[in-house]
Amino acid sequence: MVGPEAMRRIDRWLGVPVCAALSGVRRIVRRWRKGAPGGEQAVRRVLFVQLAESGSMVLADPAMRALTARSGAQAYCLTFAHNRGSLAIAGTVPPERVFAIRTASPGALIADTWRFLREVRRARIDAIVDLELFSRLTAALCLLTGVRRRAGFHRFGGVGLYRGDLYTHPLAFNPQLHMAQNYLMLVEVLFADGAPPAPRVPAAMLVPRVRRREVGAAELSAVKRRLAQLAGAEIGRRRLILVNANASAMLPQRRWPQAHFVALVRAALGRHADVRVLLIGGEDDRATTAAIAAQVADPRCVDVAGRFALGELPALFTLGTVLVSNDSGPAHFAAVTALPVIALFGPETPVLFRPLGDATVISAGLACSPCVHAGNQRRTRCTDNQCMQRIPVAEVFGALCRVLDAREAATARSGTLAEVGA
């Protein structure tokens with residue numbers, strides 16, 4: 001498999017000269033054509049490019065919906081094949097309008113990229129919005145599609161990495177705006193012919209929201225049956241604390257220590273007799289979740305990692321009471337439901353990546369944090385993530401108890417009102 005670090009090296013050593021060469025060619029072509037950069041064709045089909053980060057699929061949802069509301073255009077998406085399930089959680093782009101690139105091997109990566117360049121022309125895409133943070137190769141790929149109108153983040157005022165001059169509608173990346181707002185600005189600049197790389201931020205974009213996912217009765221029933229098999233028939237009468245102790249291989253420094261999760265789960269089970277803890281994650285996360293379950297050694301803590309597909313998470317989150325998560329995909333996926341989230345941040349900043357739903361963000365607030373940003377390919381040399389290790393268990397437990405108590409009080413109030421109405 002072509003891993004995250006290999007991708008970064010390819011993007012740096014191959015992407016820089018490719019972007020420089022293509023920028024030179026583009027300048028020559030522009031002088032020869034002597035025309036407007038973006039063309040005047042109507043925008044009916046727009047391709048969003050988001051390859052690597054699964055959580056960003058949810059953060060991009062407001063931008064995709066804003067595009068449809070503004071122009072009536074259909075949204076397409078280019079992503080890595082293993083992220084197709086993440087894209088389906090928001091449900092904004094139907095599967096038939098998703099281009100997927102496999103990373104199982106260099107050969108698959110090259111073959112699928114070549115196939116994409118052929119298929120995107122057949123799809124008659126009118127515009128491209130590159131959501132990647134300064135990926136050189138996606139900038140080059142967008143140019144090679146032949147699509148005349150292209151929006152993407154542009155290095156401006158020293159913020160960001162060099163990626164050439166390959167966009168017809170460049171946008172200055174703003175590290176003080178949430179990523180969902182930056183994505184919305186890409187849609188804004190796409191329709192602003194001749195706009196500078198730093199247009200005004202419309203007031204309507206200041207509070208982006210994710211569309212809630214409608215979870216059907218059949219989906220809920222299927223997940224309930226699976227939970228009953230995994231955690232016992234009484235699980236439906238318990239409050240469910242979902243715990244995501246994992247983070248992607250792209251940035252393992254985002255992990256809160258395993259021992260902290262063990263202590264948190266034990267404290268929650270000790271204080272609240274009516275709760276059950278579900279350790280969630282993918283198949284690759286089972287070593288972590290199995291170790292936590294073994295150390296907790298309580299039948300009320302159940303390891304369900306790998307037991308639910310990504311498409312079943314909205315139903316699982318609908319049944320849950322609260323989610324405690326590292327800064328990773330599940331914390332963002334929960335925004336399509338009403339599930340409260342306690343998100344733990346360290347090497348990245350919540351200013352940019354705070355979950356859009358009902359989220360409580362906790363960080364240690366160290367001077368060295370965040371160390372991952374748009375100017376260093378979102379990588380860090382840190383091998384001792386004190387920014388995560390120094391988030392106290394007591395602080396996370398206090399936030400968890402406040403959410404549980406608030407939900408219990410709300411349930412009691414709704415019950416009282418129902419009795420009064422009866």
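The whole structure, a predicted model, holds 16 salt bridges. A salt bridge here is a side-chain nitrogen of Lys or Arg within 4 Å of a carboxyl oxygen of Asp or Glu. Side chains of opposite charge can pair when their charged atoms come close.

Residues are numbered from 1 along each chain as its sequence is written, and side-chain values use heavy atoms, without hydrogens and water. Because this is a predicted model, local features need pLDDT of at least 70, side-chain atom pairs count only at pLDDT 80 or more, and totals for chains, interfaces and linings use all residues.

Three of these bridges are tabulated below.

| Salt bridge | Distance, N to O |
|---|---|
| Asp165 and Arg30 | 3.0 Å |
| Asp61 and Arg65 | 2.9 Å |
| Arg115 and Asp112 | 3.4 Å |

Asp165 and Arg30 meet in a salt bridge. This pair links distant parts of the chain, 135 residues apart. Asp165 sits in the loop between strand 5 (149-154) and strand 6 (169-172), and Arg30 in helix 2 (residues 15-33). Helices (H or I, at least four residues) and strands (E, at least two) are DSSP runs, numbered from the N terminus. Asp165 is partly exposed at 24% relative accessible area. Arg30 is partly exposed too, at 34%. Buried means under 20% relative accessible area, exposed over 50%, and partly exposed in between (1.4 Å probe, protein chains only).

The next pair lies within a helix. Asp61 and Arg65 are four residues apart in helix 4 (residues 61-71), so about one helical turn separates them. Asp61 is buried, with 1% relative accessibility. Arg65 is partly exposed, at 28%.

Helix 6 (residues 106-122) carries Arg115 and Asp112 three residues apart, so about one helical turn lies between them. Asp112 is buried at 4% relative accessibility, while Arg115 is partly exposed at 26%.

Now the strands. Strand 4 (residues 127-130) points Ala127 and Val129 one way and Ile128 and Asp130 the other, and all are buried. In a regular strand the side chains alternate between the two faces of the sheet.

Strand 4 pairs in the parallel sense with strand 1 (residues 45-49), over four bridges. Pairing requires at least two bridges found by DSSP between two strands. Phe48 has Val129 as its bridge partner in strand 4. Strand 4 also pairs in the parallel sense with strand 5, over four bridges. There, Val129 has Ala151 as its partner in strand 5.
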